[in-house]
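Subject: Structure handover

Hello,

Here is the structure I promised to pass on.

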Amino acid sequence: IKKIFHLNKYNIMKNSQRLLKEIKSRKIIQKSRLRFTLKNILFWFLFFVFVVIGALSFSIIVFSFTYTDFDLFFHKMNTNIIFIFTYLPIFWIVSTVISLFISVLGMRYTKTGYKHSFLLVVIGNICLSLLMGTIFFFTGGAEKMEQKFADSVSIYDSIDERKIALWSMPEQGFLAGKIIQKDTKMIIEDFSGKKWEIKFNDALIRGNTHLIEGEKIKIIGKNSGRNIFIAEEIRPWTGKDVHNNKRE
């Protein structure tokens with residue numbers, strides 16, 4: 001037993017010497033505990049920051065969808081591509097996905113992140129972003145932030161600007177503007193300042209649409225030329241109320 005003990009002790013010492021020699025040859029320096037602590041704090045910081053960014057992006061996506069007339073996708077099939085690139089908040093969808101990826105990555109590289117399954121971390125991040133984003137949307141922050149972002153970034157068009165672009169295509173059957181005359185006939189001024197006479201005798205009037213001077217409306221119909229537009233359907237500029245429909 002003594003021989004075995006001394007032999008094991010000798011082997012341990014020999015291996016230790018080899019290890020020390022290897023450490024010296026590679027010039028390996030011991031990392032301080034502070035470095036690991038700061039690294040852990042950094043990844044937790046990335047996690048929380050990108051969860052918040054993801055939540056804000058998601059809230060703008062929700063705002064965009066509540067602002068969108070998705071039924072137009074099926075109304076005029078030749079405008080599908082225009083519709084997709086005009087209304088879908090592609091930038092914010094990409095931002096949400098990237099934020100989710102970085103927040104998951106940050107969580108996984110924290111001190112205790114490896115203990116949790118990858119799927120659990122992903123689901124947790126998604127739920128947290130959705131919850132925070134929904135709260136932010138209902139408090140009205142999404143619309144304000146999206147508009148502020150549009151004002152700050154010149155190459156970005158706000159949801160409202162893209163909406164105006166979509167509803168400023170009379171040749172495609174979409175026209176919008178403010179009613180400036182409503183007596184014997186209805187005249188609207190579109191967003192470019194051009195005036196149109198609207199024929200709406202057989203038009204379907206969507207709920208919450210008020211045909212009064214000063215009101216902004218959206219019109220689906222046909223451009224008959226000479227600044228005359230034959231309305232098939234009239235909607236309020238804001239909102240997507242499709243109930244309580246009536247005909248004039």
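The notes below go through the strands, the salt bridges, the aromatic rings and one surface patch.

Please keep in mind that this is a predicted model.

Start with β7, residues 228-236. Strand β6 (216-225) pairs with β7 in the antiparallel sense, over eight bridges. Gly 225 stands opposite Ile 228 of β7. The two strands form a hairpin with two residues between them. Look at Arg 226 there: its phi is positive, near 55°.

β7 also has parallel partners. Strand β4, residues 195-199, pairs with β7 in the parallel sense over three bridges. Lys 199 has Ile 230 of β7 as its bridge partner. β5 pairs with β7 in the parallel sense too, over two bridges.

Now β2, residues 174-182. β2 and β6 run antiparallel and are paired over five bridges. Gly 177 has Ile 217 in β6 as its bridge partner. Five bridges also join β2 to strand β3 (residues 186-190), again antiparallel. In that pairing, Lys 178 stands opposite Glu 189 of β3. β2 and β3 form a hairpin, with three residues between the strands.

Strand β1 covers residues 168-169 and is joined to β2 by two bridges, in the antiparallel sense. The bridge partner of Ser 168 in β2 is Leu 175. β1 and β2 form a hairpin as well, with four residues between them. Gly 173 sits in that turn and has a positive phi of about 100°.

**Salt bridges**

How many salt bridges are there? The count comes to four. I describe some of them here.

Arg 206 and Glu 233 meet through their side chains, at 2.9 Å from N to O. Arg 206 is in the loop between β5 and β6, while Glu 233 is in strand β7, so this pair ties together parts that are 27 residues apart in sequence. Both Arg 206 and Glu 233 are buried.

Glu 233 also forms a salt bridge with Arg 235, at 2.4 Å from N to O. Arg 235 is buried, as is Glu 233. Shared partners join Arg 206, Glu 233 and Arg 235 into one network of salt bridges.

Lys 199 forms a salt bridge with Glu 197, and their closest N and O atoms are 2.9 Å apart. Is Glu 197 buried or exposed? Its relative accessibility is 19%, so Glu 197 counts as buried. The cut-off for buried is under 20%. Lys 199 is at 41% relative accessibility and therefore counts as partly exposed.

**Aromatic rings**

The whole structure holds 13 aromatic pairs. Take Phe 91 and Tyr 156, whose ring centres are 5.9 Å apart. Their planes are at 55°, so the pair is tilted. Phe 91 lies in helix α5 (residues 90-108), and Tyr 156 lies in the loop between α7 (141-152) and α8 (159-166). The pair therefore ties together parts that are 65 residues apart in sequence.

Tyr 156 is buried, at 11% relative accessibility. Phe 91 is partly exposed, at 44%.

Tyr 156 also pairs with Phe 149. That pair is edge-to-face, with 5.0 Å between the centres and 80° between the planes. Phe 149 is partly exposed, with a relative accessible area of 26%. Phe 91, Trp 92, Phe 149 and Tyr 156 form one aromatic cluster.

One more ring deserves a look. Lys 163 lies over the face of Trp 237, at 4.3 Å from the ring centre.

**Surface patch**

Which residues make the nonpolar surface patch of about 310 Å²? They are Leu 34, Leu 38 and Ile 41. Leu 34 lies in helix α2, which covers residues 33-66. Leu 34 has a relative accessible area of 55%, so this residue counts as exposed.

Best regards

How values were computed: Residues numbered from 1 in each chain as written. Predicted model: local features only at pLDDT ≥ 70, side-chain atom pairs only at ≥ 80, totals over all residues. Heavy atoms only, no water. Patch = residues over 30% accessible without salt bridge, like charges linked within 9 Å, V, L, I, M, F, W, Y side chains within 5 Å. Areas by Shrake-Rupley, 256 points an atom, 1.4 Å probe, with all protein chains shown as cover. Buried < 20%, exposed > 50% of the residue type's maximum accessible area, 1.4 Å probe, protein only. Phe/Tyr/Trp six-rings, centres within 6.5 Å; stacked < 30°, edge-to-face > 60°. Lys NZ or Arg CZ within 6 Å of the ring centre and 35° of its normal. Pairing = 2+ DSSP bridges.
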